[in-house]
Amino acid sequence: MPFWSPLALLAVALGLVITHFAVPTTRAWMWKASAVVGLGALALLLYLGLIWAPPEAFMSDVGRILYVHVPFVWMCMIAFTLNVGCAIAYLMKKSWRTDALAESTAEIGVMFGAGGVLMGSIWARPTWGVWWDWDPRLISTAVMLLSYVGYLAFRSFTEDPERRATWSAAASILGYVSLPIVWFSVRWWNSLHQVQSTSQSLDSQMRIVMWWGTVTMLFFLFAFVVKRYEIARSRQSSALEAPPEAPRQEVAA
Amino acid sequence: MSDTPAIELKDVSKRFGPRWAVSRLSFTLAEGRSLLLTGHNGSGKTTLLRMIATATFPTLGEIALFGHETRRNRAELRPKVALLSHANFLYEDLTAAQNLSLAAQLLGAQAPAAKVKELLERVGLGARAHNPVRQFSAGMRKRVSIARLLLKAPRLALLDEPFGELDPSGITQMEGLVRELQAQGATVVLATHLIEQGKALTQERLHLEQGRKERTA
Amino acid sequence: MRPVGLVRGAWLVLKKDWQLEWRTRARLTATVFFSLSTLLLFSFAMGPGIDVLRAHAPGYLWLGILFASILSLGESFRVEAENQSLTGLLLAPVDARSIFLGKVLGNATLLFALGLLLLPVTVALYDVDLTRNPGLLLLALGLGCLGIAAPGTVYSAMSSNARARDVMLPLLLFPVLVPMLLAAVSATKFALMKDVQEQLPSWLKLLTAFDLIYLSVGFLVFPRVVEDD
């Protein structure tokens, strides 16, 4: 896949989220529509992935899990990127909305990431003969996941809502910054010890299915993030007292 | 004395955790005047004083000290404002002298050692200067905090329950200290349950009830 | 009187931390013995084969330092929380960024001193050769300790106020430290043993980059963490 494709995906996700917040008329229906379209796309994905696409040359039918595994990991990365965007935005200008969106994207990201890693592990067992390998991709994803699990735990263990928002934004930035360094260092460390071949010889049919899987998951990502955001917002409004009303009229002294 | 008030609160509210500790409070205090702040426990006195001291900032509304908004101008305001509170900001494992000398050096004082010695003598802790604060009683800790306040020579002194934990001689000394600060032209805000003592020392009064202004006199 | 500048403020905070460490050296000693016993436990866990132990000595050394850092980083902000001294520092006044720099250097020097104490122990327990490249070994140790201290200071300032703070700090800190640990262990290994492919300089560069990145991110983020805006 071309190098710009993750950026293009991120741009689409960002576009959807921004539209949702910027255009009030889309707020009620767009995420629901996205979920419905996602379900339809999923049905097609099942057909394409299980029947239409030929078995992979080396991995046979096990390789079909990649059509879901890869999109899951991509969605996870997109969600975390949105999360760090929210964190930076929150530190620049405080807003309960950005905090709620940060909570939502982190949780959805962890969900996609956990699914992705799990499927990766299932795929690795018959392919590499082990459940786990010191592959930079795998380690970076696992570290990323761990770092955001820590982020979510930290959120739930901090009581004061304002401090929680500020601190988790800081934690998000510190965690995200480490991701490229982790990737780089693990690849370097690994390449000096053993060379892991992860041949990605996808033919054009498989590439189409992979892309279709990504589009499908993108619909779900958007729908999940919006739904989780609304839950976060309603929790906020029930936890936080409403701003006080104007003071009582004072008796003139 | 200039026309800009020492403290100006414009419709200030502060959320503390999920609750509003201070609600839509507005008042001004002219420079050189002193204010008695009263109210029950939990009425928002401490939160209000911490906001004025720039230890925390309003959720809604604005506070200006000497005409400068606190959130943006904290760096310029902090050297002029001193807060004496329950939390005494002392390092338990450092000695009284080390604690004060840190404060003096941070203020950029000339000859900090001599100054610290003199102040500790003044608050009656000369003999215990080199004992760690952990060994001190609550009253002695308060005396160290008072010495730190004197060190700063603030234009605005915020005293949260200054008489608490002090023995009678300490209370008399504290009253003397407040009068001395006032004589130097400092603005003083005094939060206390000892209303009679407080009234004798101040010209204005603000009573808080559940974070709201109840009456002024 | 004029309040102090950024560097002088950092220096005063650092000096204060050193004073505190010195006055509570009993606790310091306990940390040292904690990491000593972790080193000892590693050799029990891996069996008595000296070749295996020698080969993995850099890893044990850094894990010993890493575990001890959780204790020392937590302690570093527990003393600040005790009487809200951190707020006191801000009001004193000190620039929050000075506090960050002072605290990072304080934590890093403490870990570095601990590392210096542990090095001879690794000789005794794992039979490593410290004389091969002592200068670069110390450099790796210093850069590694700074790498733990820089993000650790930010996380510790936050977690010291959260519930379950003893669990929170490692949960937040360890994932971030993965590249630092990789680089520090590799650099130490190549400083102790034969470095056929001349890998040591590249790992030191990676460590330096890690330190610089986290020092700058921490420098920017720390004021927002400690100021109660």
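Where is the place of A:Trp189? A:Trp189 sits in helix α7 of chain A.

## The model

This is a predicted model, in which local features need pLDDT of at least 70, side-chain atom pairs count only at pLDDT 80 or more, and totals for chains, interfaces and linings use all residues. Residues are numbered from 1 along each chain as its sequence is written, chains are lettered from A and ligands numbered from 1 in the order in which they are written, and side-chain values use heavy atoms, with hydrogens and water left out.

Helices (H or I, at least four residues) and strands (E, at least two) are DSSP runs, numbered from the N terminus.

## A:Trp189

A:Trp189 is partly exposed, at 24% relative accessible area.

Which residues does A:Trp189 contact, leaving aside its neighbours within four places in sequence? They are C:Leu182, C:Ser186 and C:Trp203. Contact here means heavy atoms within 4.5 Å. A:Lys32 is 157 residues from A:Trp189 along the chain, and 45 Å separates their C-alpha atoms.

## Aromatic pairs

Rings of Phe, Tyr and Trp (its six-membered ring) pair if their centres lie within 6.5 Å; planes under 30 degrees apart count as stacked, over 60 as edge-to-face and the rest as tilted. Over all chains, the count is 15 aromatic pairs. Take A:Phe21 and A:Tyr229: their ring centres are 4.9 Å apart and their planes stand at 85 degrees, so this pair is edge-to-face. A:Phe21 belongs to helix α1 (residues 5–22) of chain A and A:Tyr229 to helix α8 (residues 204–239) of chain A, so the pair ties together parts 208 residues apart in sequence. A:Phe21 is partly exposed, with a relative accessible area of 26%. A:Tyr229 is buried, at 5% relative accessibility.

A:Phe154 and A:Trp167 make a tilted pair, 6.4 Å from centre to centre with 35 degrees between the planes. A:Phe154 lies in helix α6 (residues 136–157) of chain A, and A:Trp167 lies in helix α7 (residues 161–191) of chain A, 13 residues apart. A:Phe154 is buried, at 0% relative accessible area. A:Trp167 is buried too, at 3%. Elsewhere, ring pairs join A:Phe72, A:Phe112, A:Phe220 and A:Phe224 into a cluster.

## Charges over rings

A charge sits over a ring if NZ of Lys or CZ of Arg is within 6 Å of the ring centre and within 35 degrees of the ring normal. In chain B, B:Arg155 lies over the face of B:Phe66, 4.1 Å from the ring centre. In chain C, the charged end of C:Arg25 sits over the ring of C:Trp22, at 4.2 Å from its centre.

## B:Ser43

B:Ser43 is in the loop between β3 (34–39) and α1 (45–52) of chain B. Is B:Ser43 buried or exposed? B:Ser43 counts as buried, at 4% relative accessibility.

The side chain of B:Ser43 reaches the backbone oxygen of B:His40 at 2.7 Å. Leaving aside neighbours within four places in sequence, B:Ser43 contacts B:Ala21, B:Leu208, B:Glu209, B:Gln210 and B:Gly211.

## Where chain C meets chain B

This contact takes 30 residues from chain C and 32 residues from chain B. Together the two chains bury about 2900 Å², with 55% of it on carbon and sulfur atoms. Buried area is the accessible area (1.4 Å probe) that two parts lose on being put together, summed over both.

How many salt bridges are there between chain C and chain B? The count is three. A salt bridge is a side-chain nitrogen of Lys or Arg within 4 Å of a carboxyl oxygen of Asp or Glu. C:Glu82 and B:Arg134 meet in one, at 3.5 Å from N to O. On the side of chain C that touches chain B, the elements giving two or more residues are α1 (6–23), α3 (50–82) and α4 (85–91) of chain C. The largest share, seven residues, comes from α1(C).

## Where chain B meets chain A

Here the contact takes 15 residues from chain B and 16 residues from chain A. The buried area is about 1300 Å², and carbon and sulfur atoms give 45% of it.

The count between chain B and chain A is one salt bridge. A:Glu162 forms a salt bridge with B:Arg15, with the closest N and O atoms 3.6 Å apart. On the side of chain B that touches chain A, β1 (7–16), β2 (19–29) and β10 (212–216) of chain B are the elements that give two or more residues.

Technical notes:
Buried means under 20% relative accessible area, exposed over 50%, partly exposed in between (1.4 Å probe, protein chains only). A polar contact is a pair of N or O atoms within 3.5 Å; within protein, one must be able to donate a hydrogen and the other to accept it, and residues adjacent in sequence count only if both atoms are side-chain atoms.
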